[in-house]
Amino acid sequence: EWKFNRERLIAMREMLGLNQEKFAERIGTVKQHISLWETGETIPNVRTLIRICNEFNVEPKYFFTPNEHNSDALSEVA
């Protein structure tokens, strides 16, 4: 099982020096969505995840980590 790594999203957004509102504008969404993703209440849909990855120049798998009970699963994807 994989989970969305909200800490990576927060760190990357902050590296760009953007608040949630400015980041939302850059990826074509609203601040409320950014807040929900960063608090772990929801995750971005596929289309939005691709826009996020394009902003950060990373692959989608960067934002997903295996659940703790499945820590060796990452090597299976790489």
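Helices (H or I, at least four residues) and strands (E, at least two) are DSSP runs, numbered from the N terminus. This is a predicted model, where local features need pLDDT of at least 70 and side-chain atom pairs count only at pLDDT 80 or more, while totals for chains, interfaces and linings use all residues. Residues are numbered from 1 along each chain as its sequence is written, and side-chain values use heavy atoms, with hydrogens and water left out.

**Exercise 1.** Work out where Asn67 sits and whether it is buried or exposed.

*Solution.* 
- Step 1: Look along the chain. Asn67 is in the loop that links β2 to α5 (73-77).
- Step 2: Check the cut-offs. Buried means under 20% relative accessible area, exposed over 50%, and partly exposed in between (1.4 Å probe, protein chains only).
- Step 3: Asn67 has 15% relative accessibility, so it counts as buried.
- Step 4: Now find its partners, where contact means heavy atoms within 4.5 Å. Skipping neighbours within four places in sequence, Asn67 is in contact with Glu1, Trp2 and Lys3.

**Exercise 2.** Say which residues of α3 are buried and how they are arranged around the helix.

*Solution.* 
- Step 1: Helix α3 covers residues 31-38, and Ile34, Trp37 and Glu38 are buried in it.
- Step 2: Peek down the axis of α3. The buried residues fall within an arc of 95°, so they line one face of the helix. (The arc is that of the directions from the helix axis to the C-beta atoms.)
- Step 3: What does that set of residues pack against? The buried residues of α3 pack against β1 (2-4), α1 (6-15), α2 (20-27) and α4.
- Step 4: After α3 comes Gly40, with a positive phi near 85°.

**Exercise 3.** Explore the largest nonpolar core.

*Solution.* 
- Step 1: A nonpolar core is a set of buried Ala, Val, Leu, Ile, Met, Phe, Trp, Tyr and Cys residues joined through side-chain atoms within 4.5 Å.
- Step 2: The largest one has 14 residues, and Leu9, Phe23, Ile52, Phe56 and Phe63 touch the most other members.
- Step 3: At least two residues of this core come from each of α1, α2, α3 and α4, and α4 gives the most, with 4 residues.
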